[in-house]
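Me: I'm new to this structure. Can you walk me through the pockets and the ligand?

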Amino acid sequence: MKRIGVLTSGGDAPGMNACIRAVVRTGIHYGCDVIGVKRGYKGLIEDEFLPFESHSVSNILQRGGTILKTARCKEFFEKAGRKKAYDNLMNHQMDGLVVIGGNGTFTGAEIFSKEFDFPIMGTPGTIDNDLFGTDMTIGYDTALNTVVDAVDKIRDTAESHNRLFFIEVMGRDAGFIALRSGIAGGAEDILVPETVTSIDELIEILEKGFRQNKTSAVIIVAEGDDAGGAFEVAKKVKEKYHHYETRVTVLGHIQRGGKPSSYDRILASTLGYEAVKALIAGRKGEMVGIINKKVVYTPFEKAIKHNKEINRELLEMARILA
Ligand code: F6P
């Protein structure tokens, strides 16, 4: 394992730069050349390789985004695209690759590493936290803090105007951001794709709060909720419930930016460091994760398909505490 590549793929996440830095510094420490690949799998196919020195990753630990840039790449899901990527890796005498990304990234890595028997290790870089085989993904903690800060701000104005706010958060088709930001923000209810949303049940919860002299309410809606996004849910509630004026806020891509939290910097550094050590030790085709403070390795196929369970008990607790 003399020449290792590193790339970031899929939606960017705060902490990706910390992970890139750990891969570069660990690879160099163990005598490897480390080559950055720009724009994820697109750069692999279009031969955008960038030799890294130790100083190349100075002063990036604290920055959001990814210095390698990222992209979603359809061509990589075509055999011809993957063959071009493989030829480029061979032309650059690459022995292994660390990919930092989420479900789509590991789906591509799984196909590629089997097709060409090429060593790839992955680190879970996505704000969604929807990968099996790690308690937390890189970027999730920072995104939670961003959402909770926004919820606090919205709660001020909701309380001033006696309003009911529906706040939509990211997570693609998972409710992890919604669940924990809802608990931390004291939301009156949290709507997630993992459970069937009942508008009538939601209205009952609002009625109960109203009877307890609540003069405002905040509902967190995961973008993938089965009842639709925040606008659709607000419309359905408004048709049946008139105690409050309602407003909707879709937080969007603000959840993807910002300086990574200390938690994410440490998680990203640890996972990047462990991924390089794993490649050198001969491991491949796995995502490195941390479960109960222990480093674990999960085959790509299991990480993406073995759907991570949401903690339904926490959903119940949030309603009781609200
Ligand atoms: O996977 C991360 C994520 O932010 C999802 O939560 C969201 O649904 C998606 O990316 C948005 O994708 P894009 O940035 O391509 O619009």
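Reply: What follows covers the pockets, then the ligand. This is a predicted model: local features need pLDDT of at least 70, side-chain atom pairs count only at pLDDT 80 or more, and totals for chains, interfaces and linings use all residues. Residues are numbered from 1 along each chain as its sequence is written, and side-chain values use heavy atoms, with hydrogens and water left out.

Me: How much space lies in the largest pocket?
Reply: About 650 Å³. A pocket here is an open set of points on a 1 Å grid over the protein atoms alone, where a 1.4 Å probe fits, with protein on both sides within 12 Å along at least five of seven lines. The volume is the space filled by probe spheres set on the points.

Me: Why does the largest pocket lie between domain 1 and domain 2?
Reply: Because domain 1 (3–139 + 260–305) and domain 2 (142–256) both give residues to its lining. The bounds come from an automatic or database domain assignment.

Me: What about the second largest pocket?
Reply: About 200 Å³ of space lies there. Its lining has 14 residues, with Ile-190, Thr-195, Val-196, Glu-201 and Arg-319 nearest the centre. H11 gives the largest share, 4 residues.

Me: Switching to the ligand. Which residues surround it?
Reply: Among them are Arg-72, Asp-128, Arg-172, Glu-223 and His-253. To count as near, a residue needs a heavy atom within 4 Å.

Me: How far is the ligand from the side chain of Glu-223?
Reply: An oxygen atom of the ligand is 2.6 Å from an N or O atom in that side chain. For Asp-128, a polar side-chain atom lies 2.7 Å from a ligand oxygen. For Arg-72, the distance is 2.9 Å.

Me: How much of the ligand does the protein bury?
Reply: 76% of the 400 Å² that the ligand exposes when taken alone. Those areas come from the Shrake-Rupley method with a 1.4 Å probe.

Key. On a 1 Å grid over the protein atoms alone, a cavity is a set of points where a 1.4 Å probe fits but cannot get out, and a pocket is an open set with protein on both sides within 12 Å along at least five of seven lines; lining residues have an atom within 4 Å of a point. Helices (H or I, at least four residues) and strands (E, at least two) are DSSP runs, numbered from the N terminus. A polar contact is a pair of N or O atoms within 3.5 Å; within protein, one must be able to donate a hydrogen and the other to accept it, and residues adjacent in sequence count only if both atoms are side-chain atoms.
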